[in-house]
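Please look over the sequence and the model shown here before reading on.

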Amino acid sequence: MPEAAWADFREDPGKYSYDEFMKFVPKTGRAAWHEKAMDAAKGDDLQSLIELFIETKEMKRLAELVRGATDEALERVRHYATEPAAKNLEKAEPCLAARLWRAQGMRIVNKSKSKYYDGALANFERARRCYERAGLGAEWADTVHHIRANHRRKTGFMPGFEALATDSGRDGGPSFLERPRARGCVRCERDDS
C-alpha cells in the first residue's frame, strides 16, 4: 500500500482522501484499515469529517463529532454536510439532529439571506420537533429567545418564526416545510443556503 495515500488521508481526512486511500488497501485488510482510518480521522475541518462519517456510515462517530462541536462551529458548516447528518441522526439522536437543524437555520438568519428564510423556517421547525422528541423544550425556548433578541427587525422572517414559536402554525394546516411546496416554489425544493 502506498504510504503517500495514507499520509494524505492523515493530513486531510475526508471522504475523497479516504476513497483514494482505500483504493490501495487489499480486500483482505479493508476492515482493519477502515478502522485505523476512522481512528485517525481528526482535525479542525468539521465539514470534511461530517461528510466522511456519513459516507462511511459511521453514525456513532458522527454523533460524537456533533456532540463535541460548538453551536458556532456547526453554524459555519455548509448545509450540504449538516442536512444529511441531521437526517441520519434524527431517529437515534434527536438532540444532536436538533442542533444541526438549528445551525442551518441560524446560518441563514445570521447572514440575512432573506431569499432563504423559508428554508430557515423549515430548519427551525425540524429543530423544534427534534428538541421536543428529545425532551429538550428548554433548548428550543433558548433558541426562540435568542432569535427574538437578535433578529427582531427581520420583518421578512419574524412573522413566520413567531407563528412557529407560538405553535400557531400547528392548526392542522400545512407545515412550514409543506407551505412552499404547496405554492409550487421550486427554489424551496432545495435549500441553497
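## Overall fold

The model is predicted. Its protein chain contains 12 helices and 0 strands, and the order of elements from the N terminus on is α-α-α-α-α-α-α-α-α-α-α-α.

Of the 193 residues in the protein chain, 47% count as buried. The chain exposes about 10400 Å², and carbon and sulfur atoms supply 50% of that area. Among contacts between residues at least 6 apart in sequence, 59% join residues that are at least 24 apart.

## Helix H3

Helix H3 spans residues 30–40, and its buried residues are His 34, Ala 37 and Met 38. Viewed down the axis of H3, these buried residues fall within an arc of 100°, so they line one face of the helix. An α-helix has 3.6 residues a turn, so residues three or four places apart point the same way.

## Cysteines

A disulfide is a covalent bond between the sulfur atoms of two cysteines. The count in this model comes to 0 disulfides. For Cys 95, the closest cysteine sulfur is that of Cys 130, at 9.3 Å, which is too far for a bond because a disulfide requires the sulfur atoms to be within 2.5 Å.

The two residues can also be described by their accessibility. Cys 95 has 25% relative accessibility and counts as partly exposed, whereas Cys 130, at 0%, counts as buried.

Methods:
Residues are numbered from 1 along each chain as its sequence is written. This is a predicted model: local features need pLDDT of at least 70, side-chain atom pairs count only at pLDDT 80 or more; totals for chains, interfaces and linings use all residues. Side-chain values use heavy atoms; hydrogens and water are left out. Buried means under 20% relative accessible area, exposed over 50%, partly exposed in between (1.4 Å probe, protein chains only). Helices (H or I, at least four residues) and strands (E, at least two) are DSSP runs, numbered from the N terminus. The arc is that of the directions from the helix axis to the C-beta atoms. Contact means heavy atoms within 4.5 Å. Accessible areas come from the Shrake-Rupley method with a 1.4 Å probe; for residues, only the protein chains shown count as cover.
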